[in-house]
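I opened the notebook to look up charged side-chain contacts. The entries follow the display.

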Amino acid sequence: MKRIGVTGHRSIPGRALAHVESALRAVLGRHEGPLEALSSLADGADQLFAAIALEHGADLTVVIPSGDYEDAFEDAEALARYRGLKCRAAQEVRMDFAHSTDEAYYAAGTYIADSCDRLVAVWDGLPARGHGGTAEIVAYARTLGKPVTVIWQEGATRD
């Protein structure tokens, strides 16, 4: 079974969304045979990746950073999408953190990088805004020698 993990920004600019969605469909659609998708289901890239992976028949493995992870969702729609995707997961992995902290996010991100055959990064190429951010997980995956596919719309900037 091929295992593809995701790391990415929670905020994808509107002008980049169609490009990111199309690129995710291309990455997930080119694999023959069984596919496992690993995601923490954060708002933005993680949820988009997971939804497209499920459309392609992948088994979804949800990596939950902390016991209070749902409390970190500030947007009710994002929380509803999280819960809906989580219900469709084939497997759930929980990190051993009670609270959503940068350390918990880093642990979830490195777990995904450790567990996948390829990491997809919806990333603008800029440094992480906090410990456990996209740039840090990309760098970690690269130190492991994992192939990393970076997806971003040229010229698009995050908020």
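Which side chain meets D124 in a salt bridge? I found R158, at 2.9 Å, N to O. I counted a salt bridge when a side-chain nitrogen of Lys or Arg is within 4 Å of a carboxyl oxygen of Asp or Glu.

The model is predicted, so local features need pLDDT of at least 70 and side-chain atom pairs count only at pLDDT 80 or more, while totals for chains, interfaces and linings use all residues. Residues are numbered from 1 along each chain as its sequence is written, and side-chain values use heavy atoms, with hydrogens and water left out.

I placed D124 in the loop between β5 (118-122) and α5 (134-143), and R158 in the segment after β6 (148-151). The pair therefore ties together parts 34 residues apart in sequence. Helices (H or I, at least four residues) and strands (E, at least two) are DSSP runs, numbered from the N terminus.

I then looked up burial: under 20% relative accessible area is buried, over 50% exposed, and in between partly exposed (1.4 Å probe, protein chains only). D124 is buried at 16%, and R158 is buried at 17%.

Next entry: R81 and D43 form a salt bridge at 2.8 Å, N to O. R81 sits in helix α3 (residues 76-87) and D43 in the loop between β2 (35-39) and α2 (45-55), 38 residues apart. R81 is partly exposed at 37%, as is D43 at 26%.

Last, I noted the total, which comes to eight salt bridges.
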